[in-house]
Amino acid sequence: MNSFHPYAMRRLPPLSSLRAFEAAARHGSFKLAAGELAVTPTAISHQIRFLEEYTGLTLFERQVRKVVLTEAGKQLYPVLRDGFNAFEHTLSQLTAAGARREVTISATSAFTAKWLAPRVARFNERHPGIDLQLHASDVPADVAGAAVDIAIRYGRGPYAGVTAEPMFSDSFAPVASAQLDPLAIADLARVPLIGFRWLHPDPLNPTWERWYAAAGLPWERPAGQLRFSDEGHAIQATLAGQGIALLSLALVADDLAAGRLVRPFGPEIPGHTYHLVTGDGRAPDAAVLAAVDWLRAEVRAFLG
């Protein structure tokens with residue numbers, strides 16, 4: 001008798017390893033896959049290593065700045081991609097009627113904390129049936145995938161494969177805690193300078209070196225400079241009175257208006273532009289459109 005049963009248990013690797021592989025294959029990067037799935041690049045690497053050990057196949061060639069699919073990986077990727085797309089489509093149809101809708105907005109950690117989060121209450125008042133999910137990550141999110149509906153990207157653009165519209169351009173100026181004694185440009189030699197690392201190097205990134213040039217001052221790296229890996233931490237250090245920082249005037253606008261921070265002197269230097277980004281080719285979704293309209297209204301109010 002044939003012992004095969006059509007409903008025999010399938011032998012499949014964990015879903016987490018398949019999701020990690022599909023995202024890494026789509027992006028060609030463990031780092032970008034980690035940003036989409038809100039885990040670390042190391043976690044992505046471990047999941048894919050497990051999948052390779054489980055299958056006995058090498059799925060990626062690890063290169064210096066990217067990963068490339070092997071022949072086995074090229075065969076597996078479209079099967080998983082189509083499968084996950086089918087899951088998403090079917091589940092969205094099954095849960096759409098009468099369900100609360102979630103909209104995920106991805107932005108940098110600092111923009112999420114200082115600009116988006118304080119405005120969410122107004123969205124909730126206007127759209128009580130929609131839940132906003134804020135995804136804070138300094139790694140650009142993939143709005144072509146299923147994990148993110150809207151992204152706020154900061155840079156010069158343009159951005160390929162997406163629909164992007166400018167929100168507003170930023171500018172930077174020296175900012176300090178109101179707790180510090182009144183400051184003048186001459187105090188730069190004695191007060192620690194606070195800065196942060198830009199994720200993507202660009203000659204037009206606002207830096208202290210650029211500000212000194214705009215002010216007509218010779219740049220000499222101060223001994224007391226404080227540098228952070230995150231813009232939000234630089235803002236918190238400035239609020240705590242640990243020095244003077246070159247900060248985004250958009251992100252500290254509320255702190256300046258409330259008197260927690262002051263601008264002791266100029267000049268301002270230009271930053272980049274915030275863009276509202278959605279995926280190309282997606283069917284219009286009422287909840288996402290509502291969030292886009294809310295963001296546009298908040299930008300108009302912010303610009304006055």
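**Salt bridges and a nonpolar patch**

Biologist: What makes glutamate 165 and arginine 296 a salt bridge?

Modeller: The model is predicted. In it, the closest N and O atoms of glutamate 165 and arginine 296 are 2.7 Å apart. The cut-off is 4 Å between a side-chain nitrogen of Lys or Arg and a carboxyl oxygen of Asp or Glu. The pair therefore counts as a salt bridge.

Biologist: Which parts does the pair tie together?

Modeller: Glutamate 165 lies in strand E6 (residues 162–177), and arginine 296 lies in helix H10 (residues 286–303), so the pair links parts that are 131 residues apart in sequence.

Biologist: Why is glutamate 165 called partly exposed?

Modeller: Its relative accessible area is 26%. Buried means under 20%, exposed means over 50%, and partly exposed is in between. Glutamate 165 therefore counts as partly exposed. Arginine 296, with 34%, is partly exposed too.

Biologist: How do you know that glutamate 52 and arginine 49 form a salt bridge?

Modeller: The N to O distance is 3.6 Å. The limit is 4 Å, so the pair qualifies. Both residues lie in helix H3 (residues 41–55), three residues apart, about one turn of the helix.

Biologist: Is glutamate 52 buried or exposed, and why?

Modeller: Glutamate 52 is buried, because its relative accessibility is 6% and the cut-off is under 20%.

Biologist: What makes aspartate 255 and arginine 260 a pair?

Modeller: Their closest N and O atoms are 2.8 Å apart. That is within 4 Å, so this is a salt bridge. Aspartate 255 is buried at 4% relative accessibility. Arginine 260 is partly exposed at 43%.

Biologist: How many salt bridges does the rule give?

Modeller: The count comes to 16.

Biologist: Why can such side chains pair?

Modeller: Opposite charges can pair when the charged atoms come close.

Biologist: Which residues make the nonpolar surface patch?

Modeller: Phe87, Leu91 and Leu94 make a patch of about 350 Å².

Biologist: Why is leucine 94 called exposed?

Modeller: Leucine 94 has 65% relative accessibility. Exposed means over 50%, so leucine 94 counts as exposed. Leucine 94 is found in helix H4 (residues 71–96).

Definitions and conventions. Residues numbered from 1 in each chain as written. Predicted model: local features only at pLDDT ≥ 70, side-chain atom pairs only at ≥ 80, totals over all residues. Heavy atoms only, no water. Patch = residues over 30% accessible without salt bridge, like charges linked within 9 Å, V, L, I, M, F, W, Y side chains within 5 Å. Areas by Shrake-Rupley, 256 points an atom, 1.4 Å probe, with all protein chains shown as cover. Helix = DSSP H or I, 4+ residues; strand = E, 2+ residues; numbered from the N terminus. Buried < 20%, exposed > 50% of the residue type's maximum accessible area, 1.4 Å probe, protein only.
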